[in-house]
Structures are given as C-alpha cells and as structure tokens.
Amino acid sequence: MGKIQIENMEFYAYHGCYKEEQVVGNHFLVDLTLETDCEKPMKSDNLQDALNYLKVYEFVKAEMQIKSHLLEHVAGRILDTLYAEFDQIEHATVKVRKMNPPLGGKMESVSVTLER
C-alpha cells in the first residue's frame, strides 16, 4: 500500500449557509490522502498502472464548482466521486478548508475532514 497526498489545492468557490457567501464567494483549500496499492506502478513506471493525479484534481475541481451550504456536503461529494471513478482507492481522507470564514471573529480557516 502507498499514500498519495495532494495538498493545498486552491479554489475560489461559493459554499456557505449565508446568502452573501453564495454570491461573493471565498477561498478554499482542499487536501487529499489516497491509499492505494502502488506495487504495480512502482515496478512498471507506467501511468496506466497508477492513480492519475491530474484526473483526481479535475474531479475535485468539478465538485468545488458546485455550490453547497455545508463543507460536509462538499467533502462527501468529493469522496463519493473519487470512489466512483477510481476503483484502486482503498481508503481516502479529504479536508476542505474555508479561509477567513465570516464567523464574527478573526480566524484563519474552518475545516471539515471526512474519511472512508
């Protein structure tokens, strides 16, 4: 088994419970850890045998473009899509962070982490 990590993917998206968040948008960061059998690509050095990081990123990007009220919903959709598209994923963790959330105080981010 191996772990593939794609960290700090940056997106501008329109997720949030407040109307303003759905109109103005915000910056989001997404981290992924994907566990998969790396034995075959390690020996073959062939992309066809590996989990394609570019395709993973494209699916995450597509899910981030769909408006949601909750980060839990966004993270869950990302996991659902990745498991549907990549049968070689054994375990996955996704963390979605909203930067500078409008919670009435100064903070860097709020995040949700889901794994399955």
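Biologist: Leaving aside its neighbours within four places in sequence, which residues is L34 in contact with?

Modeller: Keep in mind that this is a predicted model. With those neighbours left out, L34 is in contact with G2, K3, I4, L51, V56, L82, I89, H91 and A92.

Biologist: Where is L34 found, and is L34 buried or exposed?

Modeller: L34 is found in strand 2. It's buried, because its relative accessible area is 0% and the cut-off for buried is under 20%.

Biologist: And how far is L34 from G2, C-alpha to C-alpha?

Modeller: Their C-alpha atoms are separated by 8.2 Å, while along the chain the two residues are 32 apart.

Biologist: What about strand 2 as a whole, how many of its residues are buried?

Modeller: 9 of its 11, so strand 2 is mostly covered.

Biologist: OK, zooming out. How many strands form the sheet, and in what order?

Modeller: There are 4 strands in an open sheet, ordered 1-2-3-4, with antiparallel pairing. Strand 1 (2-13) and strand 4 (109-115) are the edge strands, each pairing on one side only. From one strand to the next, the twist averages 15°.

Biologist: How many bridges are there between strand 1 and strand 2?

Modeller: 10 bridges, in the antiparallel sense, and strand 2 covers residues 26-36. To get your bearings, E10 stands opposite L29 in strand 2, and the bridge partner of Y12 in strand 2 is H27.

Biologist: And how many join strand 2 to strand 3?

Modeller: 9 bridges, and those two strands run antiparallel. A pair to look for there is D31, which stands opposite K95 in strand 3.

Biologist: Remind me, what do strands of a sheet pair through?

Modeller: Backbone hydrogen bonds, and the pairing can be parallel or antiparallel.

Biologist: Now the helices. Which strands does helix 3 lie across?

Modeller: Helix 3 (residues 53-64) lies across strand 1 and strand 2, and runs at about 35° to strand 1. Helix 4 (residues 71-85) also packs on the sheet, where it touches strand 2, strand 3 (89-99) and strand 4. The direction of helix 4 makes about 150° with that of strand 3.

Biologist: At what angle do helix 3 and helix 4 pack?

Modeller: About 145°, with their axes 9 Å apart. The crossing is right-handed. Helix 3 makes the contact with V56, F59, V60, E63 and M64, and helix 4 with V74, R77, I78, T81, L82 and E85.

Biologist: How many residues does helix 4 have, and how far does it reach?

Modeller: It has 15 residues and reaches 21 Å from its first C-alpha to its last, close to the 21 Å expected at 1.5 Å a residue.

Biologist: Which residues of helix 4 are buried?

Modeller: L71, V74, A75, G76, R77, I78, L79, T81 and L82. What covers them includes strand 2, helix 3, strand 3 and strand 4.

Biologist: Changing topic, which helix does E21 lie in, and is E21 buried or exposed?

Modeller: E21 lies in helix 1 (residues 19-24). It's buried, with a relative accessible area of 11%.

Biologist: What does the side chain of E21 have a polar atom 3.1 Å from?

Modeller: The backbone nitrogen of C17.

Biologist: Which residues does E21 touch, not counting those up to four places away in sequence?

Modeller: Y14, H15, G16, K98 and P102.

Technical notes. Residues numbered from 1 in each chain as written. Predicted model: local features only at pLDDT ≥ 70, side-chain atom pairs only at ≥ 80, totals over all residues. Heavy atoms only, no water. Pairing = 2+ DSSP bridges. Axes fitted to C-alpha atoms, helices over the stretch in contact; angles between N-to-C directions. Contact = heavy atoms within 4.5 Å. Buried < 20%, exposed > 50% of the residue type's maximum accessible area, 1.4 Å probe, protein only. Polar contact = N/O pair within 3.5 Å; in protein donor to acceptor, adjacent residues only side chain to side chain. Expected span 1.5 Å × (residues − 1). Left-handed = near helix turned anticlockwise from the far one by under 90°.
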